[in-house]
Amino acid sequence: MTKRGKYFVPPPKNGSDIKELFKYLMSVGAGLPTDQTGLPVGSWTPELLASTISQFETNKTGVDLRTVQHWFQDNDKGISADNIHWLARIFGCDNPEAITAWRAELNAANRRLAAKRRETRSAKKRGANHSDGVSKGGDQDEIANTRNRDKRVEPTKIPGLAGRTEAMFSARSSLGLPAVVFAAATALGLMSFSLNIHSVLFALPTGTTKQVGFLWAPNWTVVFLVLLPIYFAVLINLLKQWKEEWRTGLATKLRSKSPRTSWASRLTTMSYVYWAVFVVTVLIASAFNWMETHLIPLLTGNAGNWPVDWGRIAIFQPDLVSVPNAIVFSGLVFLLNALGSYLFFAGLIVLYTLTDDFVDFNAGLDLDGTEEQRRHLAKIGDELMVGVFRCCSLGLMITILMKLQASFLLSDGRDIVGWLAADLLAPFRRSSSHLNGYGFHQNVPGFYYSFFCLLVIVGVFVICTAKIRKAVTSLGLQNGEKAERLSLMAMYGVLLLLTVTYMLIGVFPGFTILLVTALVLAACFLTRPTLVRLNATKTRELDA
């Protein structure tokens, strides 16, 4: 039976207690929106039920998610009178007569549970004189039953590499994974002090001295200590908002003509992409790259055609650091690189999956969807687009630092700070040093790997923003189009500036001026002072 577009189940009045009645209602989908056939769409989850109760206008305090989770569990806890009122509204589908009937049924079921609880306590007191063997056996049975119940209420885990990767991004705390990466990078920095390769001066064949210490390489320090943790924090927070707030809210507010693809199914279909990224980043870009550029040269004592850095300095200065120590340390560094690289590109896959999920909700919106529904969907699309921008701009900043370090290794500068300072003043001088005075013929993997990263990041940004923009435009909202265009132009402008900066590093004297400008502007937009104002203009117009 359907009431006001929701699946209505009349009170059974079969004498069941509140736990039995609640389990039955959750299993049949009572109170959920219905499709054209009159069947409920989706299924109840603790998150969805808590979100639905909190959305009632007269509910000032909402409901705690833990409280709702207790309702789904097999325990002897009842439901408070206030929450019974909200459940009656859900199961009564906002029909006054049905709400009254369901409130009476839920209160009666709650009293039955209380009566059973009193009887259980009395039985326990009477059974206190039983033998120890019987008591222990009963305790073991109760423990086994409790474990089985806990297994039933646990959320289904997504299998495979995709599921395990998504679980790392779905942590309750947004600082869990960033803290791990930061701690690992800090540990490597401390190890470099112990091995005495944190700051190393190496005499070039040209006669100049070059700083090749580990802590002087921004692609290993600034990236893993600052940019990558921020990237993971932004991504985790965006995914958490989508799964726990936006997606559950959309499933409640929007009616779809066809069943939607679940998040788990959508993620599982991308499993082959996760495996492809794993092979490229872990096995090739990290493991093979480490063996080819560090392990083999250190074992053979031949640096080959690679520029000297902290990882190969043991070949030329074995008194500074031994070859075994250099092999172990470089292996740990590339192990961290494998983890960081895989999770970085997996994060881009998550962004694409989020975009596809949003577009699916937009496509499933009925043609007669209310203006409030369309405004709500547009606001979420706008926030999602900002999240994609922040992640991609952080990614481009990482690629810039990768190429910057590679360019410095081929230059004749003493250290990277002095090299950038000299280049900053180069346009104002009559003569300037050559950008590639030393090692112009040598191979630096950072050039190729960073360019590959650049292509992927820009591609993900363009595809995701184009999809979201098209979906929001199809909603037919007239207000806020100008602000939306300005916001989108600002995001594309920053990404374009970062891309141009990457391409021009080391190409002409004075590129540092463009580098500083791009990084400062990108940092301002990451904190969203200007972007939020443009974005807030649109949001206020949509809410008007």
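Lys210 lies over the face of Phe408, 3.8 Å from the ring centre; a charge counts as sitting over a ring if NZ of Lys or CZ of Arg is within 6 Å of the ring centre and within 35 degrees of the ring normal. Lys403 is likewise placed over the face of Tyr502, at 4.7 Å from the ring centre. The model is predicted, so local features need pLDDT of at least 70 and side-chain atom pairs count only at pLDDT 80 or more, while totals for chains, interfaces and linings use all residues. Residues are numbered from 1 along each chain as its sequence is written, and side-chain values use heavy atoms, with hydrogens and water left out.

Asp415 touches Gln211, Trp216 and Phe408, not counting residues up to four places away in sequence, where contact means heavy atoms within 4.5 Å. Asp415 is found in the loop between α14 (371–409) and α15 (416–425); helices (H or I, at least four residues) and strands (E, at least two) are DSSP runs, numbered from the N terminus. Asp415 counts as buried because its relative accessibility is 17%, the terms being buried for under 20% relative accessible area, exposed for over 50% and partly exposed in between (1.4 Å probe, protein chains only). Although Asp415 and Trp216 are 199 residues apart in sequence, their C-alpha atoms are 7.8 Å apart in space. The side chain of Asp415 reaches the backbone nitrogen of Val417 at 3.1 Å and the backbone nitrogen of Gly418 at 2.6 Å.

The aromatic rings come next. A pair of aromatic rings is described by the distance of the centres and the angle of the planes. Rings of Phe, Tyr and Trp (its six-membered ring) pair if their centres lie within 6.5 Å; planes under 30 degrees apart count as stacked, over 60 as edge-to-face and the rest as tilted. By this rule there are 23 aromatic pairs. The rings of Trp310 and Phe329 have centres 5.6 Å apart and planes at 80 degrees, so this pair is edge-to-face. The pair links distant parts of the chain, 19 residues apart: Trp310 belongs to the loop between α11 (271–300) and α12 (313–316), and Phe329 to helix α13 (residues 323–363). Trp310 is buried, with a relative accessible area of 3%, and Phe329 is buried, with a relative accessible area of 1%. Phe408 and Trp419 form a tilted pair, 5.9 Å centre to centre with 50 degrees between the planes. Phe408 in helix α14 and Trp419 in helix α15 are 11 residues apart, and both are buried. Elsewhere, ring pairs link Phe169, Tyr231, Phe232, Phe344, Phe345 and Phe452 into a cluster.

Leu404 touches Ile416, Trp419, Leu420, Ile505, Phe511 and Leu515, not counting residues up to four places away in sequence. In helix α4 (residues 81–91), the buried residues include Trp86 and Ala88. Helix α4 is followed by Cys93, whose phi is positive, near 55 degrees.

Terms used:
A polar contact is a pair of N or O atoms within 3.5 Å; within protein, one must be able to donate a hydrogen and the other to accept it, and residues adjacent in sequence count only if both atoms are side-chain atoms.
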